[in-house]
Amino acid sequence: MRLFKPLAAMLLAGIVAAPLSSGQAQDYPNNTITVIVPFSAGGPTDTVTRLVAEAMSANLGQQVIVENVGGAGGTVGAARAAKAEPDGYTLLLHHIGMATSATLYRKLPYDPKTAFAPVGLVTEVPMVLIARKDFPPNNLQELITYVKEHKDEVTYANAGIGAASHLCGMLFMQAIQTPLTTVPYKGTGPAMTDLIGGQVDFLCDQTTNTTNQIKAGEVKAYGVFTDQRLANLPDLPTVKEGGVDGLSFAIWHGLYAPAGTPEPVVARLSEALKVALADPKVIERFGELGTAPVPADQATPAALQAKVLSEIDRWKPVIEQAGEYAD
Ligand code: MLT
């Protein structure tokens, strides 16, 4: 009895998440599900999430809606998701930033290793280097020479410390040994608008947010950060072909629930994710945007958790060597 009273009080006050009853877990889902995108609407993470959410909704029989919570390179939205009710109705779709922020932020309000119940990997998206269409350089070597000669004027856009565009910029500036002025946004959606408008000079961003603009000639493209050229942009050389070696990486994306979300609910979400990633419409649209869904055996909690842990270890020494911290 002595123990029951405070527990009842805490349950009433919602301090302790009342675990979903097995009945509730079986009934899951019986309500709208919200996926938090930790960047602005219209950007690459938003594009991927909306495609997957629509396909998952069909399988789950409930609406899956997107809420954009941008800021601080994705850590504001991730913190919101980490604190959400672990009932399967609030999820997070985030990318490599989940791992890099573990080192970039020394005072992160959540632990990327434990604050989430991973649902599964989603896709890996290549990065390309682009600039406003009237930017003088016409190839990668000219761009490197130009930004070195104009390093006090040239501006580089990114989506905040912890973003993919921040990581790519950091690696590129390290490779050419030239720190540049960065202009932070809440996502590369708005950064792209300013790039096309000529307010900022160049940006490194995902093919899911750049393919259409490159094909339409709205921006200049200098190279892709992959070992091979992309099928959807065959004329775009790799940065290796452009003379910059050792810069090959892609932006992996994962779906998460808050830690404490019941295992049967996470398993149901992982199943729906697998079905969504096998959807011909999703596969076709991803292909048009230069990417592809991960194989089914990667759309699992274990695969995503392993990725988060290995990527935290991979980027920690790189970030420490750059000495680039958000706080
Ligand atoms: C976005 O969706 O805006 C991007 O993922 C931003 C980034 O990480 O560069």
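Helices (H or I, at least four residues) and strands (E, at least two) are DSSP runs, numbered from the N terminus. By that definition, Tyr156 belongs to strand β5, residues 155–158.

This is a predicted model, in which local features need pLDDT of at least 70, side-chain atom pairs count only at pLDDT 80 or more, and totals for chains, interfaces and linings use all residues. Residues are numbered from 1 along each chain as its sequence is written, and side-chain values use heavy atoms, with hydrogens and water left out.

## The ligand site

The ligand sits in the largest cavity. A cavity, on a 1 Å grid over the protein atoms alone, is a set of points where a 1.4 Å probe fits but cannot get out. A molecule sits in a cavity if more than half of its atoms lie within 2 Å of its grid points.

Which residues surround the ligand? They are Phe39, Pro44, Thr45, His95, Ala159, Ala163, Ala164, Ser165, Gly187, Thr188 and Gln206. Two helices, α3 (44–60) and α7 (164–175), each supply at least two residues of the shell.

| Side chain | Distance to a ligand oxygen atom |
|---|---|
| Thr45 | 2.7 Å |
| Ser165 | 2.6 Å |
| Gln206 | 3.2 Å |

Taken alone, the ligand exposes 260 Å², and the protein buries 100% of that. Accessible areas come from the Shrake-Rupley method with a 1.4 Å probe; for residues, only the protein chains shown count as cover.

Thr188 is part of the ligand shell. Thr188 is in helix α8, residues 188–196. Is Thr188 buried or exposed? Thr188 has a relative accessible area of 5%, so it is buried. Buried means under 20% relative accessible area, exposed over 50%, and partly exposed in between (1.4 Å probe, protein chains only). The side chain of Thr188 also makes a polar contact of 3.1 Å with that of Asp205.

## Backbone exceptions

Most residues other than glycine have a negative phi, and most peptide bonds are trans.

A cis peptide bond joins Tyr28 and Pro29, with omega about -5°. Pro29 is in the loop between α2 (22–27) and β1 (33–37).

Ala72 is not a glycine, but its phi is positive, near 50°. Ala72 is in the loop between β2 (64–68) and α4 (75–83). Its relative accessibility is 38%, so Ala72 counts as partly exposed.

Gln177 has a positive phi of about 50° and is not a glycine either. Its loop runs between α7 and β6 (181–184). Gln177 is exposed because its relative accessible area is 70%.

## Pairs along the chain

Ile33 lies in strand β1. At 0% relative accessibility, Ile33 counts as buried. Ile33 and Val64 are 31 residues apart along the chain, and their C-alpha atoms are separated by 4.7 Å.

Tyr156, in β5, is buried at 1% relative accessibility. Leu180 is 24 residues from Tyr156 in sequence and 6.8 Å away in space, C-alpha to C-alpha.

Thr103 is in helix α5, residues 97–104. With a relative accessible area of 7%, Thr103 is buried.

Thr300 is in the loop between α11 (280–288) and α12 (301–322). Thr300 counts as buried because its relative accessibility is 17%. Thr300 and Leu289 are 11 residues apart along the chain, and their C-alpha atoms are separated by 23 Å.

Note on methods:
A residue is near a molecule or strand if one of its heavy atoms lies within 4 Å of it. A polar contact is a pair of N or O atoms within 3.5 Å; within protein, one must be able to donate a hydrogen and the other to accept it, and residues adjacent in sequence count only if both atoms are side-chain atoms. On a 1 Å grid over the protein atoms alone, a cavity is a set of points where a 1.4 Å probe fits but cannot get out, and a pocket is an open set with protein on both sides within 12 Å along at least five of seven lines; lining residues have an atom within 4 Å of a point.
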